[in-house]
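Subject: Structure handover

Hi,

Here is the structure for your set. My notes follow below it.

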Amino acid sequence: MAFEADGGQAAPDFSIGSAMGAAAKYVEAGGLNQAAIAKVSAETQKLVAAAKSGGFKITEEGVKPLREALANMSEELSALGTRTTRLSEAPQLGDHPYGKAVAAHDHKGAAQASNSASAVLEQFKQVVRDADEALARAAGLYKGVEDRAIDATKKIQA
């Protein structure tokens with residue numbers, strides 16, 4: 001079902017550039033956080049839904065540079081994840097009660113809270129995967145993958 005704008009309304013921008021541009025604006029406005037990722041994720045889900053319904057299509061040739069950019073982003077996020085693994089460790093700030101309390105607070109903010117750097121990084125990785133799925137679906141590349149998964153499931157059930 002394709003979107004048709006009425007005379008007084010502009011068509012929504014379902015482009016990957018729009019979704020990633022939204023992410024850049026959120027970073028500029030105060031960094032990536034859970035709320036920013038949630039907004040970008042919602043926009044990306046709209047892109048996925050549009051691609052699934054056939055309302056967003058792109059040629060295989062047209063999708064290549066976009067998916068390449070997403071692959072590069074995914075690699076960068078993985079590298080960032082590797083560089084930030086120390087966030088999962090509580091800092092060593094001494095054996096006294098104040099040092100332990102501060103270390104626990106810092107550790108929670110860095111790695112455990114829903115708005116922690118680790119959590120937001122994982123959520124952003126999912127946004128990139130979703131955007132790639134939307135592009136693959138829009139280019140008709142996802143159908144083969146989906147069919148193979150269904151066939152594999154049928155073989156397992158048999």
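Buried residues account for 25% of the 158 residues in the chain. Buried here means under 20% relative accessible area, exposed means over 50%, and partly exposed lies in between (1.4 Å probe, protein chains only). This is a predicted model, with pLDDT of at least 70 needed for local features and pLDDT 80 or more for side-chain atom pairs, while totals for chains, interfaces and linings use all residues. Residue numbers run from 1 along each chain as its sequence is written, and side-chain values use heavy atoms, with hydrogens and water left out.

Overall fold first. The chain has six helices and zero strands. Its pattern along the sequence is α-α-α-α-α-α. Helices (H or I, at least four residues) and strands (E, at least two) are DSSP runs, numbered from the N terminus. Of the contacts between residues at least 6 apart in sequence, 66% join residues at least 24 apart. Contact means heavy atoms within 4.5 Å.

Next, a helix pair. Helix α2 (residues 34-53) packs with helix α5 (residues 117-138) at an angle of about 15°, and their axes are 8 Å apart. Axes are lines fitted to C-alpha atoms, for helices over the stretch in contact, and angles run from 0 to 180 degrees between N-to-C directions. The two helices, α2 and α5, are therefore roughly parallel to each other (angles under 35 degrees; over 145 is roughly antiparallel, 65 to 115 roughly perpendicular, the rest oblique). On the α2 side, the contact includes I37, V40, L47 and V48; on the α5 side, V120, F124, V127 and R137 are among the residues involved. By class, the α2 contact with α5 has 11 nonpolar, five polar and four charged residues. Nonpolar covers Ala, Val, Leu, Ile, Met, Phe, Trp, Tyr, Cys and Pro; charged covers Asp, Glu, Lys and Arg; the others, Gly among them, are polar.

Helix geometry next. α5 has 22 residues and spans 31 Å from first C-alpha to last, close to the 32 Å expected at 1.5 Å a residue. The expected span is 1.5 Å times one less than the number of residues. Just after α5, G140 takes a positive phi of about 80°. Helix α3 (residues 60-83) has 24 residues and reaches 34 Å, close to the 34 Å expected. In α3, V63, L70, L77 and G81 are buried.

Last, a loop residue. R86 sits in the loop between α3 and α4 (97-112). R86 is exposed, at a relative accessible area of 62%.

Best wishes
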